[in-house]
Structure formats: C-alpha cells, structure tokens
Amino acid sequence: MGQTVEAIKSYILAEFLAGERPDALDENTPLISGGILDSISTLKLVAHLEETYGVEFQAHEVSADHLDTLGDIARIVESKVAAK
Amino acid sequence: MSRRLEGLLEASATRHPDRTAVVDPSTGRSVSYAEFAALSAGVAEALRAAGVGPGDRVGVSGKSIATLAAIFGAMRAGAAYVPVDVSAPAARSAAILADCAVRAVVAPRELSAKLAAELGIPDEPRDPLPALAGLGPQLVLTAGPGAGAPADLGGEDRNLAYVLYTSGSTGKPKGVMHTHASALAFVDWCAEAFRPTPEDRFSSHAPFHFDLSILDIYVPLMHGSTLVLIPDELGKQPTGLAALIAEERISVWYSTPSILTLLVEFGRLERYEFPALRIVNFAGEVFPVGNLRRLQASWSHPRYLNLYGPTETNVCTFCEVPGRVPDERSDPYPIGVPCSGDRCRVVDGTTDVARGEEGELVVAGGSVMVGYWNDPAKTDAVFFEQHGDRWYRTGDVVREDESGAYVFLGRRDRMIKRRGYRIEPGEIEAALHRHPEVVEAAVLGRTDAAGKVVITAHLACRTEPLSVIALKRWCSENLPLYMIPDRFSFHDALPKTSTDKVDYQMLKGLA
C-alpha cells in the first residue's frame with residue numbers, strides 16, 4: 001500500500017498541486033470533494049493510473065465515491081492489479 | 001397572440017402525441033409528447049396553486065425529466081424560469097434566487113433545504129406533482145424569497161421566458177433576461193439550419209443554467225424529435241458518454257469543444273459506431289484545430305457547426321466547418337457570419353473599423369437579451385443606440401476575414417472562458433478576499449501551448465503562505481467548481497501601478 005500511495009502522491013503533487021508542501025497532502029485529504037481534482041484532472045489521473053499500472057477503470061468508478069482520497073485511489077489500483 | 005416557448009411543446013403534443021419527447025438514460029425512463037405535456041400542465045397547476053402567475057419567476061434545479069416538466073410548467077403558468085447550478089455552493093444559488101425574487105422554487109429535496117436555510121425562509125416542501133415520482137431525483141416545491149411580492153408586475157416581465165445568471169466582475173452574478181421572442185429568434189434559425197425531423201435524437205449535454213441548453217430543449221421539442229437527457233455526472237465521463245451517444249443513437253450533438261476533446265482523448269470512440277450522428281454543434285470556446293481534426297478521424301460523416309454568441313445574444317454567428325480539416329491548417333475556424341436574424345458590426349467605440357481591422361464585435365437583432373435583471377446600470381453599460389438599433393457590446397475582439405466571416409481574437413476585458421463557462425476574475429478575487437488570511441488577491445487566466453486555460457491566483461497573505469490544498473477547499477466551498485484556480489502564487493505584496501492599482505500587466509509577465 002505505502003509504495004502505491006507514495007507514487008500516486010508524487011504524481012498528484014506535481015500535476016495538480018504545484019507549490020504545495022508534500023506533508024500537507026495525506027491519505028485522507030479530500031481530492032475531488034475538496035476542489036483539488038476537477039473532472040478533467042480526475043480523467044488525467046485515471047489515464048495515468050491505467051497506463052502506469054496496466055489496469056482499466058469502468059466509467060462509474062471515475063467518481064468521488066471511488067477516488068476521493070489517496071487512500072481510496074491506492075486501494076482501487078491495488079485491487080485491480082491483484083485481480084489481473 | 002405572440003408565440004411562446006411552451007407553445008412549441010403543446011403543438012408537438014397535438015401533432016405527435018405518441019412519439020417519445022424525452023429520454024433519461026440514467027433512469028431508463030422516457031415520456032411521450034402527450035405524457036410530457038400533461039406533466040408540464042400538472043406542474044403549472046401546482047405552481048398556480050402556490051401563487052405563481054404571469055410576471056413571476058420560478059427557480060428550478062436539477063437535470064431530469066421532472067426538472068424539464070418544471071421548466072415548462074413555470075412558463076405555462078406565465079412565469080419565467082431561473083435555472084440554478086446543483087453543484088454550485090448553495091450560498092451562490094440562494095443569492096441568485098434572492099436577486100430575482102423568485103416566487104417559488106422547484107428543486108431536489110436536499111438542495112431546496114439548503115436554499116431555504118441560506119435564504120432564511122421556512123422550509124416547507126410540497127410535492128409539486130405525484131406523477132413526477134421516478135422521473136429523476138424527487139423534486140419539491142417551496143416558496144421563494146419573492147413569495148410575498150404583489151402578483152403580476154405586468155409589462156415586460158410578462159414576456160420573460162428565463163433568466164440565466166453568468167459570472168459578474170464585481171463578484172455578484174448577473175441575470176441575463178431573455179424573452180420568448182429572443183429565444184425563438186434563435187430556435188427558429190436552428191430549425192432552418194438543422195432541418196430536424198421527428199426521427200432526430202438530440203443530445204442535452206449542458207446543464208440547464210448554461211445557455212447551450214436553449215438549443216437542446218426547444219429545438220427537438222418543436223419538431224417532434226426526441227431529447228436525450230445526459231445527467232451532469234455522466235456528462236463528464238468520456239467512456240460512458242461515448243457509449244451513450246452510440247446506444248442512444250444521438251443524431252444531433254451539442255457541447256463545448258472541451259467535452260468533444262475529452263471524448264477524443266479518453267472516450268475510446270473506436271469501440272463504437274455512430275451511424276445516426278449527422279450534426280455536431282460546438283460553442284462556448286475556441287476549438288483548437290488539432291483536437292477537431294482528431295475528432296473527425298473518428299467521426300468523419302457528420303456536419304460540423306461552430307456556433308458563437310454570449311449568453312446575452314443567444315447564438316448570433318455560426319460557421320460551418322469542413323468535415324475534414326485540412327492537414328496544413330493551424331488556425332481555429334472563424335466564428336462565422338450572422339444568424340438568428342441578427343446584425344453584427346466591428347467597432348472601435350461606436351465607429352466602424354475598416355474592413356479587416358480589429359475591433360469589438362457588437363450585435364443587434366431579435367435574439368439579443370432585454371437586459372440584466374434589476375441592474376439598469378450594467379445594462380446601459382453594454383448597449384448603445386445607433387442607426388435606430390440597440391447594439392450589444394460583446395467585449396470580444398474580432399476581425400472580418402476575406403470571406404466576410406468574423407475571426408475571434410480575444411477579449412477586451414479580463415474575462416476568462418473555461419470549458420465554455422464565463423469566469424470573471426473579479427468573482428474569484430471576491431471569494432479569495434473573503435478568506436480571513438488573504439490581504440490581496442489578483443486572478444489571471446492564460447492559455448498554455450496545448451490550448452488549455454490556466455487560472456492563476458496571485459495572493460498576499462497576512463502571515464505565511466497558505467496551503468494550496470486549504471485554498472482549493474476554500475474555493476470549492478465558495479465558488480462553482482469551474483472557477484477554482486489551477487495555481488496559486490504567493491507574494492509579500494502584489495505589484496502596483498503608479499496609481500496604486502494592482503499591476504496586472506506585471507503579474508501577467510510573472511505567469
């Protein structure tokens with residue numbers, strides 16, 4: 001879990017939170033409901049995850065219900081990787 | 001008697017009672033013209049019973065068959081409808097409904113409770129119509145902030161069809177007033193340009209508070225065609241959206257270029273076939289030709305139309321784009337030539353510029369708004385009278401090309417367009433100024449090399465720089481999502497001009 005979280009965290013900080021201190025973003029920071037990821041950023045993130053981890057997301061999974069925090073994102077990625 | 005928008009529905013219900021008027025793929029429900037006209041009549045009855053009549057306004061929210069019935073019900077009761085954004089902060093929506101003193105609100109239960117709390121009025125929801133059950137999230141009818149006003153103001157208000165609020169530069173959204181006649185001037189032009197038939201299936205992608213919805217709602221319902229509702233959530237999921245366009249056999253599509261670009265980039269269009277698609281309309285922002293070319297590689301057969309016009313004018317110019325953009329072309333297509341019976345000029349002040357020179361596009365004609373709700377000063381500022389016409393200043397800088405088409409060059413002011421939405425940086429600045437730690441705020445938009453609009457907020461804070469995460473959350477609680485800045489830049493103090501105003505030119509250089 002830790003490694004996946006760290007990798008996704010670096011990506012989100014670099015792409016969507018330019019200038020933020022890394023320790024301000026934790027596993028429970030609301031990303032979609034907190035105004036950090038808008039719909040397009042969320043799609044970019046999903047495209048990045050699909051490419052990096054070789055997994056595919058269903059349309060309904062691309063939502064705040066499944067991807068609102070780093071913890072949520074890492075969990076869904078890891079379950080998809082495990083199911084491959 | 002003059003024509004009215006709800007009359008289009010009633011005429012179609014007589015001609016095509018059994019045809020499907022509206023489909024909502026998210027619930028699997030659909031209604032025929034006869035059913036939909038009956039639902040609208042039922043809502044009108046409930047609104048009348050709640051005291052709504054000619055000259056009133058009714059707030060509506062949501063995106064479902066039930067919401068559409070509320071829209072037609074409001075007009076049928078003689079009122080104008082005021083659509084508010086379900087996803088925007090409730091305080092902003094409440095301010096809008098208070099500004100135009102709606103007599104009643106028809107909205108999803110959860111939202112109406114929040115609105116009542118914001119407006120400080122009793123939350124006493126009523127069921128507008130049991131027959132709406134199952135046609136989307138349950139709607140309730142509540143009294144609006146204008147409930148105590150005298151009935152029937154008469155005059156111009158009786159002709160109002162809807163008021164659409166757009167971002168205002170001082171932080172207060174402004175209400176664009178359209179009459180039945182100004183909407184019909186545009187809708188009638190669409191009929192001529194698209195030649196719709198009862199076989200057509202129109203997409204309704206834009207939310208109802210966005211003016212693209214005027215085409216989506218009224219053009220199909222005028223011709224016995226079917227309106228396919230696309231719920232807000234699905235509208236942003238390109239894979240689901242691509243499947244929906246194919247499965248619902250959409251024949252006339254309308255959205256911003258941003259959504260079409262998403263479909264190309266993430267929609268896996270190659271997995272589906274789209275034989276029904278015959279027209280692709282886009283509006284609201286510039287469509288970079290690279291993205292348009294990629295779209296046409298997947299969708300090679302439909303006609304492509306670039307529709308242009310601020311909310312204040314409806315669509316006032318259009319440009320039919322070739323089905324195959326030439327490889328060597330890099331400039332976006334023009335916004336085109338006048339339509340909807342409008343006249344356009346390119347001026348400097350109130351004087352026409354020489355043909356081919358840069359100037360501001362001004363528009364006069366039947367599709368232009370009446371003015372801004374309850375704001376004669378702002379209305380006066382955007383109109384001037386000349387040659388017996390009333391000209392609306394778009395604020396867009398254009399030039400006329402050799403073929404007589406207008407080419408969009410930029411804005412006269414600081415207004416930003418993102419995903420088709422108008423954003424006044426002043427509205428974002430006002431929200432940032434409300435943050436207790438912010439001393440100064442200046443917001444700028446620019447377009448990056450890939451054609452993406454990037455909004456940067458320059459801030460000076462009381463103590464140390466704030467966390468970007470905290471700022472984004474603040475913005476998400478105080479602004480519509482599309483207004484949240486992408487970047488924050490922190491300064492000890494913002495640079496000033498010699499007259500001690502924020503030096504936007506210098507900040508532009510920093511970005």
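Trainee: Is Tyr421(B) buried or exposed?

Mentor: Before answering, note that this is a predicted model, in which local features need pLDDT of at least 70 and side-chain atom pairs count only at pLDDT 80 or more, while totals for chains, interfaces and linings use all residues. Residues are numbered from 1 along each chain as its sequence is written, chains are lettered from A and ligands numbered from 1 in the order in which they are written, and side-chain values use heavy atoms, leaving out hydrogens and water. A residue is called buried under 20% relative accessible area, exposed over 50% and partly exposed in between, using a 1.4 Å probe and protein chains only. Tyr421(B) has a relative accessibility of 16%, so Tyr421(B) counts as buried.

Trainee: How are the rings of Phe210(B) and Tyr421(B) arranged, and what is the pair called?

Mentor: Rings of Phe, Tyr and Trp (its six-membered ring) pair if their centres lie within 6.5 Å, and planes under 30 degrees apart count as stacked, over 60 as edge-to-face and the rest as tilted. Here the ring centres of Phe210(B) and Tyr421(B) are 4.6 Å apart and the planes meet at 25°, so the pair is stacked.

Trainee: How many residues apart are Phe210(B) and Tyr421(B)?

Mentor: Phe210(B) is in the loop between β9 and α7 of chain B, whereas Tyr421(B) belongs to strand β24 of chain B. Such helices (H or I, at least four residues) and strands (E, at least two) are DSSP runs, numbered from the N terminus. The pair links distant parts of the chain, and the separation is 211 residues.

Trainee: Which residue has a side chain joined to that of Ser251(B) by a polar contact?

Mentor: Ser251(B) lies in the loop between α9 and β11 of chain B, and because its relative accessibility is 5%, Ser251(B) counts as buried. A polar contact is a pair of N or O atoms within 3.5 Å; within protein, one must be able to donate a hydrogen and the other to accept it, and residues adjacent in sequence count only if both atoms are side-chain atoms. At 2.6 Å, the partner of Ser251(B) is Asp200(B).

Trainee: Over which ring does the charged end of Arg390(B) sit?

Mentor: A charge sits over a ring if NZ of Lys or CZ of Arg is within 6 Å of the ring centre and within 35 degrees of the ring normal. Lys63(B) lies over the face of Phe208(B), at 5.6 Å from the ring centre. For Arg390(B), the distance to the ring centre is 3.6 Å, and the ring belongs to Phe383(B).
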